Amino acid sequence: MSPPPDDERAQHLAEKAREHFHRGRLKDAEACLREAIELEPEQGAWRMHLGITLQALGRTDEALRCFELASRRSPDQPEPRLAAAVAAASLERWALALKWAEDACRCKPDLDGAWACRIESLRRLGRREDASLAFYMSQQQVEHGPASLQAMAEVLLEEGKADRAAWCLREALRLEPALARARIRLAQLAADSGQSHRAIELLTEEVRKHPGDVTAWLAFGDLLVRLRRAPEAAEKYRRAIELDPDSAAARGRLGALALAARRLDEACAELEMAVRLDERNPGPRLELAHARLERGEIAEAARLLEVHAERTPPEQDDRLQNPQATASLGELMLRAGRPALAARTLSASLRFPACARDAVVLRKLALSRYRAGDLPAGDEASRRLHRLHPTDRAAAYNLALSSLQRDHLDEAATWIRTGLGTHRGDGGFRRLWIRLWLRRAANLFRRDRRRAARSD
């Protein structure tokens, strides 16, 4: 008996979709698959193919829903479950990724990719012990598990076990020489241990085996930046842009290189594109603010910094735990004429122990508070700086100057002596000393005049 017309049409549409996909006509493939599914809603395989097409189009949220529906239509198939796990992981929805990875493992216990996603999800959820346990369970189920070894390497790196992590990555590559991105991680470990030549060898092999992998080209560029080979790094970033013109990461890095070389027009163009492509990433916006400042566009730089603070409130920004980056951000805000914003940002960074002890951060904090017109808060930051770094010149100088401004001359004298005790012959303190004596002389003169006026 011949199949019903709807069945024939649905099958024909599914075949056309496959042809369109292989020719790179993804929109046409999507349209055919949607029509086929409308005719035959129970076809789980077609929903799976639609999910793959949507993922290739960069619509991962929609792809995830397709994979979830395909899993319900095909309860015995592990592939849709693994695809759902991978899609959820790419969206950083780690609890959901774990759920689907565990489902895939139950459906097919020897599926290496499912175990790898399970290990990665557990690590991202902060459950390293469970991730390690999942890895040892995978070893009992999977005969050759390169993906699981690669995922376990990240767990070991978080535990500070770099040698064991490197072994896992080498073993993964032995089992699967074409495994993507394992060489990138090995190269980073080699660079960390001073083996720059080995790192370059690994990345050269990675881009040869995976010439279309944007991540590999970015990693190669990052290594060359680290080795102070900026022109070669720029070539790698441009190659990444050729592969993916919408790569915000590549454009942001290229813009940062141009800024460092003071090619300001090029820097602004690339960084503006990076900001448009990825509004959530604060890095390019801050670099763009820096570039605008260098071009003398202070108002635009200030606007960008205000947008940054609005979208990434300092009180919630974990990146402020890096003292050097925090001090640089504070300096940028001060140069843009936003001392109150700098004070807020630097104050928020004090919740991190490294910043709370850092002399440069505390100096910038005191300066920003003084410039914002908050003299008591500036004194508080300077006293904190003096307690932690008793020989720091800025702390004593700030407090001496503040005391002079408030006409607390004895206190000013104490801080000037403190400064001269550790910075003998310092011109700044000597000038303050002269100002102090002039102020005292003026006070004595006014007092004598008042006495004379009363006696008259």
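Modeller: I'll start with the second largest pocket, which is lined by 29 residues, with Ala256, Gly283, Pro284, Leu286 and Glu287 lying nearest its centre. Please keep in mind throughout that this is a predicted model.

Colleague: Which elements give two or more residues to the lining of that second largest pocket?

Modeller: Those elements are helix 13, helix 15, helix 17 (282–294) and helix 19 (323–335). Helix 19 gives the most to this lining, with seven residues.

Colleague: What volume does the second largest pocket have, and how do its lining residues divide?

Modeller: The volume of the second largest pocket is about 890 Å³, and its lining divides into 14 nonpolar, seven polar and eight charged residues.

Colleague: OK, now the largest pocket: how much space lies in it, and which residues lie nearest its centre?

Modeller: About 1,100 Å³ of space lies in the largest pocket. Its lining has 29 residues, and Trp94, Glu120, Arg124, Gln150 and Arg181 are the ones nearest the centre.

Colleague: And which elements give two or more residues there?

Modeller: For the largest pocket they are helix 5 (78–90), helix 7 (112–124), helix 9 (146–158), helix 11 (182–192), helix 13 and helix 15 (248–260). The most comes from helix 7, which gives six residues to the lining. By class, the lining of the largest pocket has 15 nonpolar, five polar and nine charged residues.

Colleague: Switching to packing, how do helix 12 and helix 13 cross?

Modeller: Helix 12 (residues 196–209) and helix 13 (residues 214–226) have axes that come within 9 Å and cross at roughly 160°, which makes helix 12 roughly antiparallel to helix 13. The crossing in which helix 12 passes helix 13 is left-handed.

Colleague: Which residues make that contact?

Modeller: From helix 12 the contact takes Ala199, Ile200, Leu203, Thr204, Glu206 and Val207, while helix 13 brings Ala216, Trp217, Ala219, Phe220 and Leu223. The residues of this contact of helix 12 with helix 13 divide into nine nonpolar, one polar and one charged.

Colleague: Next pair, then: at what angle do helix 14 and helix 15 pack?

Modeller: Helix 14 (residues 230–243) packs with helix 15 at an angle of about 155°, and their axes are 9 Å apart. The two, helix 14 and helix 15, are therefore roughly antiparallel to each other, and their crossing is left-handed.

Colleague: Which residues are in contact there?

Modeller: On the helix 14 side they are Ala230, Ala233, Ala234, Tyr237, Arg238, Ala240 and Ile241, and on the helix 15 side Ala250, Arg251, Arg253, Leu254 and Leu257. The contact of helix 14 with helix 15 has nine nonpolar, no polar and three charged residues.

Colleague: Last one: why do helix 10 and helix 11 count as roughly antiparallel?

Modeller: The axes of helix 10 (residues 162–175) and helix 11 come within 10 Å and cross at roughly 150°. Angles over 145 degrees count as roughly antiparallel, and helix 10 and helix 11 are therefore described that way. Helix 10 passes helix 11 in a left-handed crossing.

Colleague: And what makes up the contact?

Modeller: Ala162, Ala166, Leu169, Arg170 and Leu173 of helix 10 meet Ala182, Arg183, Arg185, Leu186 and Leu189 of helix 11. By class, this contact of helix 10 with helix 11 has seven nonpolar, no polar and three charged residues.

Key: Residues are numbered from 1 along each chain as its sequence is written. This is a predicted model: local features need pLDDT of at least 70, side-chain atom pairs count only at pLDDT 80 or more; totals for chains, interfaces and linings use all residues. Side-chain values use heavy atoms; hydrogens and water are left out. Axes are lines fitted to C-alpha atoms, for helices over the stretch in contact, and angles run from 0 to 180 degrees between N-to-C directions. Helices (H or I, at least four residues) and strands (E, at least two) are DSSP runs, numbered from the N terminus. Angles under 35 degrees count as roughly parallel, over 145 as roughly antiparallel, 65 to 115 as roughly perpendicular and the rest as oblique. A crossing is left-handed if the near helix is turned anticlockwise from the far one by less than a right angle, and right-handed if clockwise. Contact means heavy atoms within 4.5 Å. Ala, Val, Leu, Ile, Met, Phe, Trp, Tyr, Cys and Pro count as nonpolar, Asp, Glu, Lys and Arg as charged, and the others, Gly among them, as polar. On a 1 Å grid over the protein atoms alone, a cavity is a set of points where a 1.4 Å probe fits but cannot get out, and a pocket is an open set with protein on both sides within 12 Å along at least five of seven lines; lining residues have an atom within 4 Å of a point. Grid points are joined across faces, edges and corners, and a volume is the space filled by probe spheres set on the points.
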